[in-house]
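User: I'm new to this one and would like to know where its labels come from. Can you walk me through a few of them?

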Amino acid sequence: MRAARLMRVVLLLQSRRTMTAAELAAELEVSERTVQRDIASLSEAGVPVYADRGRSGGYRLVGGYRTRLTGLGRDEAEALFLSGVPMALHALGLADAASAARLKVSAALVPDLADASDSAAQRFHLDAPGWWQQADPPPLLPVVAEAVWDDAVLRVVYREKERTLAPYGLILKAGVWYLAARVGSSVRVYRVDRFTSATATGERFEREDSFDLPVFWEERAREFARSILRETVTVRLTEAGARALRRVTDRTAAEESLAAAGAPDGAGRVTVVLPVESQDVAFEQLLALGPEAEVLAPADLRRRFAEATRRSAALYA
């Protein structure tokens, strides 16, 4: 642990040239006293660390010293490819590996490019979860992730049933973790937060070279979106309602229903037949359009909107 921290001190000084004890302590999550002891240990080991005194002082490496300890380990290299998704790194337990990997890459860059990672991080950031959603990872995610890395067979309990899975890959979608896993001859998708137990069996599986996780997920997500749109509603939309329809319901379903609609009526309104998950879901979604949408069918749903409209009117009378 301490050896890894000492290496990080050297890499930090190599990539940032000068750092104060307070800056190093904050970066390493230790006390300034620990930083001072680490600097002393590096000096005793022959690393030319120099302390500049004064208000603008700090620690720096002397004489263009550059460490050769910049080779990436496997876990660091893998974590580096996830470094744009901080939530995923923390959830998978790879935050420390990613930090070490970024330091090694920064240390290997020429001085003029040493700030490239900081420059990019201050300009682009990915926030995966949706608004008003908790980003707490599932408690069994580290176990599942380790099995994915190691091609290890998992025995899980999912929706009260025990299953044996070959875990191919993890997907983070809108703050929710999914596992693509082979069961028998097919690959299926499981929500990780619905696992009540997960243990590695000690066996390993052979991953199919032809399996492409991004392609698989794109196809499965499209199929899933189609499969849950089991009902239809008929809606008359104003121009504003037609523009907003994509934002409140399934975008593809909205676009296809608008494309199939007939010509606008004399008031500029179009009538669409919209695929929806259920009448309850359609009520919540279309209610957001307010007076820009009029539900024509089914009759039960139209009555619900009429009642909601009367209640709203009574509140504002």
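Predicted model: local features only at pLDDT ≥ 70, side-chain atom pairs only at ≥ 80, totals over all residues.

User: Which residues of helix 3 are buried?

Analyst: In helix 3, Thr34, Val35, Asp38, Ile39 and Leu42 are the buried ones.

User: What puts them on the same side of helix 3?

Analyst: The arc they cover around the axis is only 140°, so they sit on the same side of helix 3. Over on the other side, Arg33 and Glu44 are exposed.

User: How do you know that the span of helix 3 agrees with its number of residues?

Analyst: Helix 3 has 13 residues, 32–44, and at 1.5 Å a residue they should span 18 Å. The end C-alpha atoms are 19 Å apart, which agrees.

User: What follows helix 3?

Analyst: That's Gly46, and its phi is positive, near 95°.

User: On to the rings. How many aromatic pairs are there?

Analyst: The structure has eight of them.

User: Are Tyr158 and Tyr190 buried or exposed?

Analyst: Tyr158 has 7% relative accessibility, so it counts as buried. Tyr190 has a relative accessible area of 4%, so Tyr190 is buried too.

User: What makes Tyr168 and Phe205 a stacked pair?

Analyst: Planes under 30 degrees apart count as stacked. Tyr168 and Phe205 have 15° between their planes and are 5.6 Å centre to centre, so they are a stacked pair. Tyr168 is in strand 5, while Phe205 is in the loop between strand 8 and helix 9, 37 residues apart. With relative accessible areas of 3% for Tyr168 and 7% for Phe205, both residues are buried.

User: Which residues form one aromatic cluster?

Analyst: Tyr168, Phe205, Phe211 and Phe216 do.

User: How do you know that Arg207 lies over the face of Tyr168?

Analyst: CZ of Arg must be within 6 Å of the ring centre and within 35 degrees of the ring normal. Arg207 is at 5.3 Å from the ring centre of Tyr168 and lies over its face. Likewise, Arg304 lies over the face of Phe283, at 4.3 Å from the ring centre.

Key
Residues numbered from 1 in each chain as written. Heavy atoms only, no water. Helix = DSSP H or I, 4+ residues; strand = E, 2+ residues; numbered from the N terminus. Expected span 1.5 Å × (residues − 1). Buried < 20%, exposed > 50% of the residue type's maximum accessible area, 1.4 Å probe, protein only. Arc of directions from axis to C-beta. Phe/Tyr/Trp six-rings, centres within 6.5 Å; stacked < 30°, edge-to-face > 60°.
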